[in-house]
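Here is a quick tour of a protein model, meant to be read with the structure open beside you.

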Amino acid sequence: MTAVLSGVTEAAVRDALGTVVDPELDEAVTDLGFVRSVAVRGADVEVHLRLPTSFCAPNFAWLMVSDARDAVRAVPGTGRVVIELDDHHDSDLINAGLAADADYRGTFGHEAEESLDELRATFHRKAHTAAMERALTTWVRADPRRTEDDVAAVRLGDLPAGKETDSLLSRRTALGLPTDPASPVLLGPDGTPPAPEQVALTFRKARSVRVSVDGNAHFCRGLLTTRYPGSEADQVFRLSIDSALPLEVLR
């Protein structure tokens, strides 16, 4: 049952959490099953998160839990917001840092990097590459006359409306890349279109990135289910563009 008090709802909190992504897997924590519980009491909200293993990288974990805190705080009407990470080897440290409103460096001290900005940017670039490949592969397969040799000519305006295109545009925006309809879809690592002789290699490398991201997400879902039996009920699977079947059927 959705809790409704002081205008704050569990549904609104979960919607907010749906904007928080695992930085490595580029999927929402809600779809991955990482949200263990949401409790709304009046205007106060308490969220518990869980991860596939107890030894997930602390910097990855911090990005998710701090993003979750910020997302839930932005829900209109919220009062006190508590975000806790369960069963991680750094849970006590991370939860104390969140409770104190500390940043990553303030929480981990000398163990922390100077900033997580570059790490976040690295994952944004990886997410863009995967989204770009999904959009182009979907475009190629939509018409039997199209081949992968045609992808260099594809512009953003040529892509069909839908989730794949929206995802690509979102990731371009995060990186400050052009999003106008005339912009080429295929971009190299430096954010510019590849030279003609590099098109095939650029597309193949993008595919390897996307396959790696999707494979890791599939693997982590399995680990989570093993660690927390029943958590599969909270998972929403991304359809594989390599098959007509969703990824969970391909186990």
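Let's start at a turn: in the hairpin of β5 and β6, two residues sit between the strands, and glycine 42 takes a positive phi near 65°. Before going on, note that this is a predicted model, where local features need pLDDT of at least 70, side-chain atom pairs count only at pLDDT 80 or more, and totals for chains, interfaces and linings use all residues. Residues are numbered from 1 along each chain as its sequence is written, and side-chain values use heavy atoms, with hydrogens and water left out.

**The sheet**

- Helices (H or I, at least four residues) and strands (E, at least two) are DSSP runs, numbered from the N terminus.
- Three strands make an open sheet in the order β5-β6-β7, and the pairing is mixed; two strands pair if DSSP finds at least two bridges between them.
- At the edges you'll find β5 (35-41) and β7 (81-85), each of which pairs on one side only.
- On average, neighbouring strands of this sheet are turned by 10° against each other, direction ignored.
- As a bit of background, strands of a sheet pair through backbone hydrogen bonds, either parallel or antiparallel.
- β5 and β6 go the antiparallel way, over six bridges, and serine 37 has histidine 48 in β6 as its bridge partner.
- β6 (residues 44-49) and β7 run parallel, joined by five bridges, and glutamate 46 stands opposite valine 82 in β7.

**Helices on the sheet**

- Helix α1 (residues 10-17) packs on the sheet and touches β5 and β6; contact means heavy atoms within 4.5 Å.
- The direction of α1 makes about 140° with that of β5; axes are lines fitted to C-alpha atoms, for helices over the stretch in contact, and angles run from 0 to 180 degrees between N-to-C directions.
- Helix α3 (residues 58-73) packs on the sheet too, touching β6 and β7, and its direction makes about 160° with that of β7.

**Where α3 meets α6**

- α3 and helix α6 (residues 117-141) pack at an angle of about 85°, with their axes 11 Å apart.
- That makes α3 roughly perpendicular to α6 (angles under 35 degrees count as roughly parallel, over 145 as roughly antiparallel, 65 to 115 as roughly perpendicular and the rest as oblique).
- From α3, the contact uses Asn59, Phe60, Leu63 and Asp67, while α6 brings Leu119, Arg120 and Phe123.
- Two of these residues, phenylalanine 60 and phenylalanine 123, form an edge-to-face aromatic pair, 5.0 Å centre to centre with 80° between the planes.
- For such pairs, rings of Phe, Tyr and Trp (its six-membered ring) need centres within 6.5 Å; planes under 30 degrees apart count as stacked, over 60 as edge-to-face and the rest as tilted.
- This pair links distant parts of the chain, as phenylalanine 60 and phenylalanine 123 are 63 residues apart.

**Where α6 meets α8**

- α6 and helix α8 (residues 199-227) pack at about 110°, with their axes 8 Å apart, and are therefore roughly perpendicular to each other.
- Among the residues that meet here are Leu136 and Thr137 in α6 and Phe203 and Val213 in α8.
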